[in-house]
Amino acid sequence: MYDVKEMLCNEVALRKEEMIKTCVETVRIPSETPPSDTIAMADYLYEVLRDVPGVSLSFHMKEEPVKNLVAVLKSGKPGKRLVFNGHIDTYPAGNHASWNESPWSGSIKDGFIYGRGSSDMKGGIACFITAFKVLAEHKDLWSGEIVLTLAGDEEAMGPRGTKYLLDSVPAAVGDAMICADVGAPTSLRFGQKGLLWFEIEAIGKPAHGAHLHKGESAINKLISALTRMDEEIPKLPFTMPAAIKEAILAGSAISEITAGPGETENLQKITVNIGTIKGGTSPNLVPEYAKAEGDIRIPAGATLMQIENKIKEIVADYQGLSYRVLRAFDANWSDVNHPLFSIAKENSELILQQPVVVTFRIGASDARLYRLEKGVPSINCGLTPYGLGGPNEHVSIDEMVNIAKIHTLIALDFLNA
């Protein structure tokens, strides 16, 4: 089997320039969310995949302009189905003047590809497409089928993308799933924190700023409630499952090399971030209206219900205050003892020639939909993001080659297990 793996890895390496081209050309196709217009992206990837021997390709669209692409490759022998999931939309590029070059340049410099989406996650998609092509040439080496789900709308939580595919395309649901969303090759993720985005509105009583006794400030009311949320919600009691806590602590030294110091602490606590706040019309008027939006991240063991009950309790203490939940899902994880994770770890260490950990993830990804909606064991195995969400986003070409090899070998072993 070692000789087989060496042969497949050599074939991945031979496709390096092809993989670079796929990443560069997709970066040059803007696919920002909003509006998640992935029509051109899906059409381009169709052309990239159409000549793969034995591939079946199909487009799926719940509503325009979110176009999704599914690729199915069957070995011709009965077996399991392994899904590679990736999102083909990106964050907005932001202020183009902050970039050294156009966000859509796809330029190559010092071994890195630059542009919006290069790391998150058009580079990762180029990796598993490469693995897909290599394995298509060697169907005698594996059983079952490999499916690529290339979805839009992930940056808007996926209702028109991955969720739609899981609800409407049987081939999108597999025995296991590899998500190539960003992370680090040395840190494989078996679960992720939950999320609750909220909006709070405050109604006050308008008055002239010189006559405070005649008014009631909506901004002051809002700030008071937000301060309590920031102080009280992180103190809510919960018990993290022992196996998850153990994995987080065991992986800390390696995962924090790329994720940064403090990740281990944040994975184990409830965090609150107030992202926007608006209100008032003039410095000399008591504001009648104010609004804020926030983001709460929920560790394993804490629940959405627990968080929302605390928000209700705080809001109820203020007359003229109301809230609504914008988006929400619980923390989610797969059984870390599932064979997928040992296979991924073993092959990652084989390629990287260094220790690799299996741990939890702070950020969201479409892997949660596979876990929560369909109960599919799912792993995040992706590239290191440089400049994620900011200007000059870029990705390492050498790392892309390694991840493509890892994806190839995980598929080989999983479909032969």
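**A conversation about the predicted model**

Q: What radius of gyration would a compact globule have with 417 residues, and what does the protein have?
A: For 417 residues, a compact globule would have a radius of gyration near 22 Å, and the protein has 23 Å, which agrees. Please note that this is a predicted model.

Q: What box do the C-alpha atoms fill?
A: Taken along the principal axes, the C-alpha atoms of the protein fill a box of roughly 80 × 45 × 40 Å.

Q: And how many helices and strands are there?
A: The protein has 12 helices and 18 strands.

Q: Let us turn to the sheets. What is the strand order in the open sheet of 4 strands?
A: The order is β11-β13-β9-β14, and the pairing is antiparallel. The edge strands, β11 (271-279) and β14 (321-329), each pair on one side only. From one strand to the next, the twist averages 15°.

Q: How do strands pair in general?
A: Strands of a sheet pair through backbone hydrogen bonds, in either a parallel or an antiparallel manner.

Q: Over how many bridges do β11 and β13 pair?
A: β11 and strand β13 (residues 289-298) pair over 8 bridges, in the antiparallel sense. Within this part of the sheet, Thr 271 stands opposite Arg 297 in β13.

Q: Which strands does α9 lie across?
A: Helix α9 lies across β9 (194-203), β13 and β14, and runs at about 170° to β14.

Q: At what angle do α6 and α9 cross?
A: The axes of helix α6 (residues 218-232) and helix α9 (residues 304-316) cross at roughly 145° and come within 10 Å. The crossing in which α6 passes α9 is right-handed.

Q: Which residues meet there?
A: From α6, Ala 225, Arg 228, Met 229 and Glu 232 meet Lys 310, Ile 311, Glu 313 and Ile 314 of α9. By class, this contact of α6 with α9 has 4 nonpolar, no polar and 4 charged residues.

Q: Now the sheet of 3 strands: what is its order?
A: It is an open sheet in the order β4-β5-β18, with antiparallel pairing. β4 (108-109) and β18 (394-396) each have a single partner strand, so one side of each is left without a neighbour in the sheet.

Q: How many bridges join β4 and β5?
A: β4 and strand β5 (residues 112-114) pair over 2 bridges in the antiparallel sense. Phe 112 in β5 is the bridge partner of Lys 109.

Q: How far apart are the axes of α2 and α12?
A: The axes of helix α2 (residues 16-27) and helix α12 (residues 397-416) are 11 Å apart, and the helices pack at an angle of about 110°. They are therefore roughly perpendicular to each other.

Q: Which residues form that contact?
A: Lys 16, Met 19, Ile 20 and Cys 23 in α2 meet Ile 397, Asp 398, Met 400, Val 401 and Ala 404 in α12. The residues of this contact divide into 7 nonpolar, no polar and 2 charged.

Q: Finally, at what angle do α1 and α10 pack?
A: Helix α1 (residues 2-14) and helix α10 (residues 339-352) pack at about 65°, with axes 13 Å apart. Their crossing is right-handed.

Methods. Residues are numbered from 1 along each chain as its sequence is written. This is a predicted model: local features need pLDDT of at least 70, side-chain atom pairs count only at pLDDT 80 or more; totals for chains, interfaces and linings use all residues. Side-chain values use heavy atoms; hydrogens and water are left out. Axes are lines fitted to C-alpha atoms, for helices over the stretch in contact, and angles run from 0 to 180 degrees between N-to-C directions. Angles under 35 degrees count as roughly parallel, over 145 as roughly antiparallel, 65 to 115 as roughly perpendicular and the rest as oblique. Contact means heavy atoms within 4.5 Å. Ala, Val, Leu, Ile, Met, Phe, Trp, Tyr, Cys and Pro count as nonpolar, Asp, Glu, Lys and Arg as charged, and the others, Gly among them, as polar. A crossing is left-handed if the near helix is turned anticlockwise from the far one by less than a right angle, and right-handed if clockwise. Two strands pair if DSSP finds at least two bridges between them. The radius of gyration is taken over C-alpha atoms; the globule rule is 2.2 Å times the number of residues to the power 0.38.
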